[in-house]
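Please keep the viewer open as you read.

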Amino acid sequence: MALRIYILLVTLFLMNLHGFCTGYPDTAGLRKDAEKINLLLLESSVSEARDIHSRNWIKVTQSEDDTLIGKYYYLKGKINVSENNTVLCLENYQTSFEIFEKLGMTDDALLVQLSIVDLHRKMESYPISERTLNEIKKKINTHTISDFVRAEYYNRMAAIFNEEFINSAVNSLLDSSILYSERALDISKKINNKHLLAVSYNELGYSFENKAKLDDAIKNYMLAINAWKKLNYRGYLARAVVNISRVYKKQKLFSESIRQLQDILPVIADLN
């Protein structure tokens, strides 16, 4: 019995010594930093997010933790897209997706693919975006996925239908957008995710604005604004305020439109 304990202790010591000698980093700390980077990006604190990511990058690549490496590639892509480095962003997203796909991490792979769809639409690469979206739809229908990812998917679909309405003026697209936003709202309330709720309210506001239901648009934009104020997600907040200001202008409530913009000017100046 004593010999077994001695062998176990020696084995544990050698394992720890190997980790020390090879310089394996503290992955728990790196994972915590990944969460912080993601939060900073939501708050539009891109420079701080980039600094933490750069500081950790070599340690992450040396960690031999594929999940962590995939996560940091995804975050690297989000930093690059915030800085309009679309080519690098696409490379980062693709690497992250391939890692998560290989590991069988469907939720994470889907989140990356949704970001790839957004990026291709931004680059006006619509055939690639449509092909990727069809791949996502198949996975959504054939795999068990988390409520969070499903809500993200519904919000993205709502945004795409709104965008397509602007390009085609087909009213049925707005009905589809509202349907997807309402589905996302139901899930976001269920999982109590305030950011996803705000995204849904903002998209609903845009749908109602396009339908010329301006009072409904203001109601939903205001719900989004209040949520993002509490979360301190400044970039999202600024966009929602610009949206509601535009609707007040359409209602010829010019003083209220100007007031909304004046209130957000310090935030916009800070973002720039």
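## Contacts and overall layout

Among contacts in the chain between residues at least 6 apart in sequence, 57% join residues at least 24 apart; a contact here means heavy atoms within 4.5 Å. This is a predicted model, in which local features need pLDDT of at least 70, side-chain atom pairs count only at pLDDT 80 or more, and totals for chains, interfaces and linings use all residues. Residues are numbered from 1 along each chain as its sequence is written, and side-chain values use heavy atoms, with hydrogens and water left out.

The secondary structure comes to 13 helices and 0 strands, so named because they are DSSP runs numbered from the N terminus (helices are H or I with at least four residues, strands E with at least two). Of the 272 residues in the chain, 43% are buried. Buried means under 20% relative accessible area, exposed means over 50%, and partly exposed lies in between (1.4 Å probe, protein chains only). The chain exposes about 15,000 Å², and carbon and sulfur atoms supply 55% of that area; accessible areas come from the Shrake-Rupley method with a 1.4 Å probe, and for residues only the protein chains shown count as cover.

## Salt bridges between helices

How many salt bridges does the structure hold? There are 12 salt bridges, each defined as a side-chain nitrogen of Lys or Arg within 4 Å of a carboxyl oxygen of Asp or Glu. One of them pairs Glu 163 with Arg 121, with the closest N and O atoms 3.3 Å apart. Glu 163 lies in helix H8 (residues 147–168) and Arg 121 in helix H6 (residues 106–122), so this pair ties together parts that are 42 residues apart in sequence. Arg 121 counts as buried at 9% relative accessibility, whereas Glu 163 counts as partly exposed at 29%.

Because Asp 147 lies in helix H8 and Lys 190 in helix H9 (residues 172–191), the pair ties together parts that are 43 residues apart in sequence. Lys 190 is exposed, with a relative accessible area of 62%, and Asp 147 is partly exposed at 26%.

Further along, the side chains of Glu 209 and Lys 250 meet in a salt bridge at 2.7 Å, N to O. Glu 209 is buried, with a relative accessible area of 5%, while Lys 250 counts as partly exposed at 45%. Elsewhere, salt bridges that share partners join Asp 118, Glu 152 and Arg 156 into one network.

Which residues form the positive surface patch? The patch is made of Lys 32, Lys 36, Arg 55 and Lys 59. Helix H2 (27–42) and helix H3 (46–62) each supply at least two of its residues. Lys 32, in helix H2, is exposed, with a relative accessible area of 62%.

Patch members have over 30% relative accessible area and no salt bridge, with like charges joined within 9 Å and nonpolar side chains (Val, Leu, Ile, Met, Phe, Trp, Tyr) within 5 Å. Lys and Arg count as positive and Asp and Glu as negative, while His and the chain ends are not counted. The place of a charge is taken as NZ of Lys, CZ of Arg, CG of Asp or CD of Glu.

Is Gln 113 buried or exposed? Gln 113, found in helix H6, is buried, with a relative accessible area of 2%. Not counting residues up to four places away in sequence, Gln 113 touches Phe 97, Thr 132, Glu 135, Ile 136 and Lys 139.Ser 257 has its place in helix H13 (residues 254–271) and counts as buried at 7% relative accessibility. Leaving aside neighbours within four places in sequence, Ser 257 is in contact with Ser 245, Tyr 248 and Lys 249.

Lys 71, in helix H4 (residues 66–82), is partly exposed, with a relative accessible area of 27%. Beyond its neighbours within four places in sequence, Lys 71 is in contact with Ala 34 and Phe 100. Lys 71 and Val 60 are 11 residues apart in sequence and 9.7 Å apart in space, C-alpha to C-alpha.
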